[in-house]
Amino acid sequence: AMGARRIVFDSLDVMLDLLGDKKSERREAYRLHEWLIRQGLSAVITAKSSEKTAGIAFQESLGFLQFMTDCVIMLNHRVSDGVSQRSVRV
């Protein structure tokens, strides 16, 4: 009604964690994707991965989202031997 063309969801992983199982998480992510298309909205959707869900575990849990998007930007910050290392992957 207000004519919005863009929307931000911060943070999708929190919502998906409430569902409890991977099948429900995928179903809701696809429902959100379809809703965005029907509404003609562009979205910025954030999802946090912790140390325990980084890498392969992240791919198994939220990695499917990468195939539903036009662009994925991954920000990483870790401390190795007292040195802070940050990276951006597009």
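**Exposure and the model**

Buried means under 20% relative accessible area, exposed means over 50%, and partly exposed is in between (1.4 Å probe, protein chains only). This is a predicted model: local features need pLDDT of at least 70, side-chain atom pairs count only at pLDDT 80 or more, and totals for chains, interfaces and linings use all residues. Residues are numbered from 1 along each chain as its sequence is written, and side-chain values use heavy atoms, without hydrogens and water.

Strands are DSSP runs of E with at least two residues, and helices are runs of H or I with at least four, numbered from the N terminus. Strand 3 and strand 4 run antiparallel and are joined by 7 bridges; pairing requires at least two DSSP bridges. R78 stands opposite Q85 of strand 4. The hairpin has 2 residues between its strands, and D81 there takes a positive phi near 55°.

M74 belongs to strand 3 (residues 74–80). Its relative accessible area is 27%, so M74 is partly exposed. M74 and R89 are 15 residues apart along the chain, with their C-alpha atoms 5.0 Å apart. V88 sits in strand 4 (residues 83–89). V88 counts as exposed because its relative accessibility is 59%.

**Helix 2**

Helix 2 covers residues 22–39, 18 residues in total. From first C-alpha to last it reaches 26 Å, close to the expected 26 Å; that expected span is 1.5 Å times one less than the number of residues. S24, E25, A29, L32 and L36 are buried. They lie on the same side of helix 2 because they cover an arc of only 135° around the axis, taken from the directions from the axis to the C-beta atoms. The face turned away from this buried side carries exposed K23, R31, I37 and R38.
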